[in-house]
Amino acid sequence: MNRLREHRILIGTDGPFDNVLKIRPPLCFTREDASHLLHRLSAVLREEPCRL
């Protein structure tokens with residue numbers, strides 16, 4: 001969620017373990033916007049998890 005925010009994509013989480021993504025696109029949401037979202041989401045999901 002925070003990594004996507006760096007790319008100006010706002011997504012919320014929900015569910016008992018925050019394992020549900022809530023995508024709320026604006027009313028004017030084009031195919032290009034959808035493609036951009038899927039590209040960035042895919043890239044972020046492939047990143048190595050942060051180790052604390």
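I looked up Arg3 first. Arg3 has a relative accessible area of 33%, so Arg3 is partly exposed (buried is under 20%, exposed over 50%, partly exposed in between, with a 1.4 Å probe and protein chains only).

I noted what I was working with. This is a predicted model, where local features need pLDDT of at least 70, side-chain atom pairs count only at pLDDT 80 or more, and totals for chains, interfaces and linings use all residues. Residues are numbered from 1 along each chain as its sequence is written, and side-chain values use heavy atoms, with hydrogens and water left out.

Next I searched for salt bridges (a side-chain nitrogen of Lys or Arg within 4 Å of a carboxyl oxygen of Asp or Glu). I found 2 in the structure. Arg3 pairs with Glu6, with 2.1 Å between the closest N and O atoms. Glu6 is exposed, at 55% relative accessibility. Arg3 also pairs with Glu47, and there the closest N and O atoms are 2.7 Å apart. Arg3 sits in helix 1 (residues 2-5) and Glu47 in the segment after helix 2 (31-46), so this pair ties together parts 44 residues apart in sequence. Glu47 is partly exposed, at 35%. I logged Arg3, Glu6 and Glu47 as a network of salt bridges.

Then I checked the overall layout. I see 2 helices and 2 strands (DSSP runs numbered from the N terminus: helices are H or I, at least four residues; strands are E, at least two). Their pattern along the sequence is α-β-β-α. The C-alpha atoms fill a box of roughly 40 × 25 × 15 Å along the principal axes. Of the 52 residues, 13% are buried.
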